Amino acid sequence: MNFKSNKYFLIIIVVMLFSCVKNREFDVPELVCSDSDFTFIAISELKNMYNGDTFQIQEDLVIKGYVISSDKEGNFFNTIYFQDESSNPSGGMQIELELRDSHLFFDVGQQILIKLKGLYLGKSNDTYKIGGVFTSFGNRSVGRLPKNVVFDHVLVSCEPNNGIEPTLIVISGLNDAMLNTLVVINSVEIKQEELEKTFAVKEEETLRTLVDCMDNELVMLNSGYADFQSESLPDKMGTATGLLTKDNNQYQLIIRGVNDLEFEQERCEDFIDEFTSPSIFISEIADPDNNAGARFVELYNASEESLSLNGWSLERYTNDNTAISSSIDLSEYEISGRGFLIISPNSEEFKNVYGFDADVAVGTNSPADSNGDDNLVLVDPFGSVVDIFGIIGEDGSNTNHEFEDGRAVRKIEVNTNNAIFNSAEWLIYNDTGADGTINEPQNAPLDFSPGVR
């Protein structure tokens with residue numbers, strides 16, 4: 001073969017090689033949009049067809065939906081999520097199918113038409129699914145629709161793609177009506193403990209945590225095969241857009257790519273929800289002569305605004321003990337303005353005697369179960385004693401802080417707490433009348449006023 005022949009032969013080989021090159025650009029088919037006459041049903045109607053078991057749809061029906069997921073960056077795989085409207089959706093669901101790079105065929109915002117006849121409908125983790133069928137040990141569930149029939153069932157609408165408007169929400173506002181729709185969560189950041197981590201552990205489905213300035217949390221679900229798996233989590237605050245799903249009663253957000261996290265603001269300062277206040281104090285302690293089961297301790301908030309008791313505790317020093325005998329953590333409670341918090345060691349008996357429920361039910365031998373010669377201390381979130389009844393280390397018997405078989409009630413003119421016990425702030429009833437107290441045993445319910453000042 002001469003040089004000239006060799007030259008032409010090489011050209012032919014090169015042309016043949018390049019004609020065999022396949023990439024995502026060359027693989028995209030020309031999809032023709034469809035405006036055919038179909039019998040449409042709403043996504044909500046399709047969901048109502050589900051009766052608890054995966055089944056095959058026999059009716060010649062079609063649903064419309066707007067694509068809201070994308071596998072472009074690998075965080076979705078063989079799944080397309082869609083919702084019923086491009087904005088303000090009332091619901092969404094997913095179709096499972098054997099189709100890689102589905103974003104090249106069905107882009108975000110594109111309206112698709114899904115021919116339902118022959119597909120299977122099922123539900124798992126609060127997500128309604130359509131697709132093929134998967135059978136395991138005789139049980140059917142929705143599986144991937146085979147690739148060779150995908151385009152027989154999933155069609156592109158001729159409606160122009162005007163994009164998707166995610167539903168703007170905060171973590172505390174999430175609800176089940178938003179499941180399987182596109183949402184944008186406002187004012188969130190990555191949890192402090194996870195800032196040094198990547199989006200996902202390689203080849204493992206990984207949970208990361210979004211948190212807002214009120215310490216509300218939302219799980220972010222990332223694939224260990226995503227293109228951004230090895231990237232570091234952002235250290236700013238902003239908005240997070242993604243698909244809202246649910247697993248084991250826990251909301252989860254699946255982003256489509258790193259651009260769904262627009263974190264450009266400075267992070268929240270540590271949210272402070274622990275406060276001290278001079279307005280919260282012990283207002284009544286009860287040890288009824290006729291019924292030890294009707295004992296209680298009452299706290300009062302003299303201010304006009306509700307106050308959180310996060311970090312607060314009530315402590316009891318029994319008799320002359322100098323060590324705490326028992327304690328109640330009040331963190332989960334708050335007291336409304338000019339309101340009370342009533343603590344009972346016997347909630348059932350309290351209701352029987354006084355006719356309403358105590359706010360806090362605790363056990364016997366707790367700070368609310370004193371027999372009248374103990375000392376009580378109210379401690380704020382910072383460990384400071386802010387109010388006290390009695391003198392720690394002194395048994396109350398025959399003293400100015402004994403309320404055995406009686407009652408200790410704060411005088412109406414007292415409106416602030418006091419870290420030093422002052423008997424002049426109290427009216428104290430007992431069975432001895434020692435040291436300025438009143439020898440007048442008290443009987444429940446008539447001699448007591450829980451919830452009234």
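**Salt bridges, pocket and sheets**

Visitor: What makes the contact between the side chains of Glu217 and Lys191 a salt bridge?

Guide: The side chains of Glu217 and Lys191 approach to 2.9 Å, N to O. The cut-off is within 4 Å between a side-chain nitrogen of Lys or Arg and a carboxyl oxygen of Asp or Glu, so the term applies. This is a predicted model, and every value given here is computed from it.

Visitor: Why is this pair said to tie together separate parts of the chain?

Guide: Glu217 belongs to strand E13 (residues 217-222), while Lys191 is in the loop between E11 and strand E12 (206-212), so the bridge joins parts 26 residues apart in sequence.

Visitor: How many salt bridges does a search of the whole structure find?

Guide: The search finds 14. One of them links the side chains of Glu189 and Arg267, at 3.3 Å from N to O. Glu189 is in strand E11 (residues 182-190) and Arg267 in the loop between strand E16 (261-265) and strand E17 (280-286), so this pair connects parts 78 residues apart in sequence.

Visitor: Why does Glu189 count as buried?

Guide: Buried means under 20% relative accessible area. The value for Glu189 is 6%, so the residue counts as buried.

Visitor: Which residues are linked in a network of salt bridges?

Guide: Asp287, Arg295 and Asp369 are linked in such a network.

Visitor: How much space lies in the largest pocket, and which residues are closest to its centre?

Guide: The largest pocket holds about 710 Å³ of space. It is lined by 28 residues, and Thr79, Tyr81, Glu205, Leu221 and Ile254 are the closest to its centre.

Visitor: What makes up the lining of the largest pocket by class, and which strand supplies the largest share?

Guide: The lining has seven nonpolar, 13 polar and eight charged residues. Strand E14 contributes the largest share, three residues. The strands that each supply at least two lining residues include strand E3 (79-83), strand E7 (127-136) and strand E15 (250-254).

Visitor: What makes E18 largely enclosed by the rest of the structure?

Guide: In strand E18 (residues 296-301), six of the six residues are buried, so the strand is largely enclosed. Both of its faces are covered, with Phe296, Glu298 and Tyr300 buried on one side and Val297, Leu299 and Asn301 buried on the other.

Visitor: How do you know that E18 pairs with E17 and with E23?

Guide: Two strands pair if at least two bridges are found between them. E17 and E18 run antiparallel and are joined by six bridges, and Ile280 has Asn301 as its bridge partner. E18 and strand E23 (residues 340-344) share four bridges, also in the antiparallel sense, with Glu298 opposite Ile342. Both pairings therefore meet the criterion.

Visitor: In what order do the seven strands of the open sheet run, and what is the pairing?

Guide: The order is E24-E23-E18-E17-E27-E28-E29, and the pairing is mixed.

Visitor: Why do E24 and E29 stand at the edges?

Guide: Strand E24 (360-361) and strand E29 (438-439) each have a single partner strand, so one side of each is left without a neighbour in the sheet. Further inside the order, E17 and E27 pair in the antiparallel sense over three bridges, and Ala286 stands opposite Arg407.

Visitor: Which four strands form an open sheet with antiparallel pairing?

Guide: The order of this sheet is E21-E20-E25-E26. Strand E21 (326-329) and E26 each have a single partner, so they stand at the edges. From one strand to the next, the twist averages 15 degrees. Strand E25 (residues 375-379) and E26 are antiparallel and share four bridges, Val377 being partnered by Ile388.

Methods: Residues are numbered from 1 along each chain as its sequence is written. This is a predicted model: local features need pLDDT of at least 70, side-chain atom pairs count only at pLDDT 80 or more; totals for chains, interfaces and linings use all residues. Side-chain values use heavy atoms; hydrogens and water are left out. Buried means under 20% relative accessible area, exposed over 50%, partly exposed in between (1.4 Å probe, protein chains only). On a 1 Å grid over the protein atoms alone, a cavity is a set of points where a 1.4 Å probe fits but cannot get out, and a pocket is an open set with protein on both sides within 12 Å along at least five of seven lines; lining residues have an atom within 4 Å of a point. Grid points are joined across faces, edges and corners, and a volume is the space filled by probe spheres set on the points. Ala, Val, Leu, Ile, Met, Phe, Trp, Tyr, Cys and Pro count as nonpolar, Asp, Glu, Lys and Arg as charged, and the others, Gly among them, as polar. Axes are lines fitted to C-alpha atoms, for helices over the stretch in contact, and angles run from 0 to 180 degrees between N-to-C directions.
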